[in-house]
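Student: I've never looked at this model before. Could you walk me through how to read a few of its features?

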Amino acid sequence: MQNRPRRLRYTPDIRKMCRETRLSPDALILPIFLQDGDNIREEIPSLEGQYHYSVDRVCADLEQFMKNGVNKFILFGLPAHKDECGSQSFAEDGIVQRGIREIKKQFGADALVLTDVCMCEYTSHGHCGILDGTYVNNDKTLEYLAKIAVSHAAAGADMVAPSDMMDGRVGAMRTALDAAGFENVSIMAYSVKYASAFYGPFRDAAGSAPSFGDRKTYQMDYHNVREGIKEALTDVEEGADILMVKPALSYLDVIAKVKAATNLPLAAYSVSGEYAMIKNAARHGLIDEHNVMCESAVSIFRAGADILITYYANELADAIRKGEIG
Ligand code: PBG
């Protein structure tokens, strides 16, 4: 008989030792939705298991997540009122700015605070920038994005994450941050962000659906991958510290290719629609939620992601600690 390697020789311990993909709670980031008001902790209808928090209620839950090893949060805000130029997005007392101050007051450097920098949650028309008629004016929007980033940094954010997809925004934000004395605030660029139907539950959660048209003039066409590499390389040049691909599961090829073409750490955002699909299929008894969550997360790291933004961060940290994955 031929003496060939057999998987059956692997005990469970050896199998774990030989895993090619390693996960750590250190690499997980949890999205958090903040809204104006007091004493609010309401489950988000489109995102079961996720909550809208008022600033006074958010830290209690964050403390639990941190005890579980998840200490990185990306903040999204639902402002009390919206206008044409999204003025609440850069207001000193805006919802995200207040949230950052509260989290930093409670946890200091123990919590890493990232902020999503975009205008769609704050504009009355729901687009990610300043409108000229019915199209988004790229260069005018850059000034606003820079202002938002600086206002987040001034409130204490560790990292800003532009998700608007305007051209030149990483450079504009880097210049503005440096000029304001925030040289140490880093930028995670949503570099390769597709115009995706997977954002549906998020737009309900954040009240950010465009009131007309779509985002196809600034987000990417999902037929393209070389265009994504070009976007990523541009962000590298403009001074990004971390790159991102979004969504994740339908874009594993993009993750692998951007990873091969660049040398910066690479994040993937497993978006609201990916989470909602697992939740809802599990609720109907069609799949095992825990196992599908684990398999999906590992696939994203296996494709090349170094960092994962996911609504499952807390549950994944449990699975990693128990040795089920990673
Ligand atoms: C803001 C933004 C969106 C998401 C993150 N930042 C929505 C969009 O671009 O329409 C989506 C996140 C998710 O679906 O989980 N522009």
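Student: Let's take the ligand. Which polar side-chain atom lies 3.4 Å from a nitrogen atom of the ligand?

Tutor: One such atom belongs to Ser163, and keep in mind that this is a predicted model. Lys246 also takes part: an N or O atom in its side chain is 3.4 Å from a nitrogen atom of the ligand. For Tyr311, a side-chain N or O atom sits 2.5 Å from an oxygen atom of the ligand.

Student: How much of the ligand's accessible area does the protein cover?

Tutor: On its own the ligand has 390 Å² of accessible area, and the protein covers 100% of that.

Student: And which residues come nearest to the ligand?

Tutor: There are 18 residues around the ligand, and those that come nearest are Lys193, Arg203, Lys246, Ser272 and Tyr311.

Student: Next, backbone angles. What should I expect in general?

Tutor: Most peptide bonds are trans, and a negative phi is what most residues other than glycine have. Here, the peptide bond from Lys246 to Pro247 is cis, with omega near -10°. You'll find Pro247 in the loop between β10 (242-246) and α8 (252-261).

Student: Where is Asn39, and what is its phi?

Tutor: Asn39 is in the loop between β1 (28-35) and β2 (41-44). Its phi is positive, about 55°, although Asn39 is not a glycine.

Student: What about Met165: where does it lie?

Tutor: Look in the loop between β8 (159-162) and α5 (169-179). Met165 has a positive phi too, near 70°.

Student: Last topic: pockets. How does one find empty space?

Tutor: You roll a probe the size of a water molecule over the atoms, and that shows where empty space is left. In this model, the largest pocket holds about 270 Å³ of space. Its lining has 13 residues, and Arg15, Cys18, Arg19, Glu20 and Thr21 lie nearest the centre. By class, that lining has 5 nonpolar, 2 polar and 6 charged residues.

Student: How much space lies in the second largest pocket?

Tutor: About 210 Å³. It is lined by 14 residues, and Met165, Asp167, Thr217, Tyr218 and Gln219 are the closest to its centre. The elements giving two or more residues to this lining are β7 (135-136) and α7 (226-238). By class, the second largest pocket is lined by 6 nonpolar, 3 polar and 5 charged residues.

How values were computed
Residues are numbered from 1 along each chain as its sequence is written. This is a predicted model: local features need pLDDT of at least 70, side-chain atom pairs count only at pLDDT 80 or more; totals for chains, interfaces and linings use all residues. Side-chain values use heavy atoms; hydrogens and water are left out. On a 1 Å grid over the protein atoms alone, a cavity is a set of points where a 1.4 Å probe fits but cannot get out, and a pocket is an open set with protein on both sides within 12 Å along at least five of seven lines; lining residues have an atom within 4 Å of a point. Grid points are joined across faces, edges and corners, and a volume is the space filled by probe spheres set on the points. Ala, Val, Leu, Ile, Met, Phe, Trp, Tyr, Cys and Pro count as nonpolar, Asp, Glu, Lys and Arg as charged, and the others, Gly among them, as polar. Helices (H or I, at least four residues) and strands (E, at least two) are DSSP runs, numbered from the N terminus. A residue is near a molecule or strand if one of its heavy atoms lies within 4 Å of it. A polar contact is a pair of N or O atoms within 3.5 Å; within protein, one must be able to donate a hydrogen and the other to accept it, and residues adjacent in sequence count only if both atoms are side-chain atoms. Accessible areas come from the Shrake-Rupley method with a 1.4 Å probe; for residues, only the protein chains shown count as cover.
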